[in-house]
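Please examine the sequence and the model before reading on.

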Amino acid sequence: MTKPKVLLLGEIEHAHESWNSLSNIAELVYPRARTRAEFLDECRSGDLDGVVAIYRTFASVDYTGRFDEELVPALPASVKFVCHNGAGYDQVDVHVCTKRGIRVSNTPTAVDDATADVTMFLILGALRGFNISMRALRGGQWRGHPPPPLGRDPEGKTLGILGMGGIGKNLRRKAEAFSMRVIYHNREKLSDELSGGAEYVSFAELLMTSDVISLNLPLNDKTRHKISTREFEMMKKGVVIVNTARGAIIDEEALVKALDSGHVASVGLDVYENEPSIHPGLLANDYVMLLPHMGTWTIETQTAMEEWTISNVRAAIETGALRSVIPEHAAL
Ligand SMILES: O=CC(=O)O
């Protein structure tokens, strides 16, 4: 009997044993294509016919481009599952996949600790203004001349978490260890058990009362530019904003203006609207703490994410259902 095929888009860096063990149940295939045009051709050539599940990485977008209304219909008719390695799956057009009868999975939970850790690092760094002193030190000027303004402590500050999913909940625990008061806004209020007792507030109240705002929500049509000029104006003067979710949740142009006016005191960013390019206004501002999308960049977390994605592929082939189907496909 011919085995179903599993296509790898991107690299397996850690979980080689688990990946290779899939060959017991599937034929593992690798694309020849190195560009989107080549990938579309390869799909249309029939060479990938029989592929049932695709394992894809965040970085594979560099050569396939987004899984959008052009690419998804071009996939072989046999494709039933797209297993994305990552929590955020904004590179995949879920609606087009739904129409084609393709189910999508992601890697929730596996990313929570590492991403919440980076969020805490950025909160502390942005509150303390560490970017200025770190830069001065490397420039041979010790703390700089004049020394940087004094930073602020997290203790006693109100942290507003926008998006209380796995990362938001994990961050809540970590922030409370720093004696921050945590409030949150979500599409729906969570039970006290799930929210850990954090206070549920409206979106407007979160904007108006937080000293620090952390963005922990997925990027989709509803959340793109959720934070723009009007929202910045509603925030307290001197607010600190941290984004480890997706850059396009913030209107970057409006952010630069809010920083330049001093209304937003400082920000900590791991993600950007058009990464890897960064708005020059962010690069130029000393009150911006920047990381190049390092939220899950640890050995443990990258390994866990690969293992998780492979387990989705295995479940898809063995049972016809994904282990962690995305919420949009849960009811299908
Ligand atoms: O950005 C990282 C992820 O989506 O897992």
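A polar side-chain atom of His293 lies 2.7 Å from an oxygen atom of the ligand. Polar contacts are pairs of N or O atoms within 3.5 Å; within protein, one atom must be able to donate a hydrogen and the other to accept it, and residues adjacent in sequence count only if both atoms are side-chain atoms. The protein covers 86% of the 190 Å² of accessible area that the ligand has on its own; such areas come from the Shrake-Rupley method with a 1.4 Å probe, and for residues only the protein chains shown count as cover.

This is a predicted model, in which local features need pLDDT of at least 70 and side-chain atom pairs count only at pLDDT 80 or more, whereas totals for chains, interfaces and linings use all residues. Residues are numbered from 1 along each chain as its sequence is written, and side-chain values use heavy atoms, with hydrogens and water left out.

| Residue | Atom of the residue | Distance to a ligand oxygen atom |
|---|---|---|
| Gly88 | polar backbone atom | 2.8 Å |
| Arg246 | N or O atom in the side chain | 2.8 Å |
| His293 | polar side-chain atom | 2.7 Å |

The residues around the ligand (a heavy atom within 4 Å of it) are Gly86, Ala87, Gly88, Val111, Arg246, His293 and Met305. By class, this shell holds three nonpolar residues, three polar and one charged. In this scheme Ala, Val, Leu, Ile, Met, Phe, Trp, Tyr, Cys and Pro count as nonpolar, Asp, Glu, Lys and Arg as charged, and the others, Gly among them, as polar.

Turning to the sheets, helices (H or I, at least four residues) and strands (E, at least two) are DSSP runs numbered from the N terminus, and two strands pair if DSSP finds at least two bridges between them. Five strands form an open sheet with parallel pairing, in the order E2-E1-E3-E4-E5. Strand E2 (27-29) and strand E5 (103-105) stand at the edges with a single partner strand each, so one side of each is left without a neighbour in the sheet. On average, neighbouring strands of this sheet are turned by 20° against each other, direction ignored.

Within this sheet, strand E1 (residues 5-9) pairs with strand E3 (residues 51-57) in the parallel sense over five bridges; Val6 has Ala53 in E3 as its bridge partner. Helix H14 (residues 299-319) lies across E1, E3, strand E4 (81-85) and E5, and runs at about 170° to E4. Contact here means heavy atoms within 4.5 Å; axes are lines fitted to C-alpha atoms, for helices over the stretch in contact, and angles run from 0 to 180 degrees between N-to-C directions.

A further open sheet has seven strands in the order E8-E7-E6-E9-E10-E11-E12, again with parallel pairing. Its edge strands, strand E8 (199-200) and strand E12 (288-290), each pair on one side only. Strand E10 (residues 239-243) and strand E11 (residues 264-269) run parallel and are joined by five bridges, with Val240 opposite Ser266 in E11. Helix H12 (residues 252-260) packs on the sheet, touching E11 and E12, and its direction makes about 135° with that of E11.

Most residues other than glycine have a negative phi, and most peptide bonds are trans. The peptide bond from His145 to Pro146 is cis, with omega near 0°, and Pro146 is found in the loop between helix H7 (130-138) and strand E6 (158-162). Trp142 is also placed in the loop between H7 and E6, and has a positive phi near 50°.
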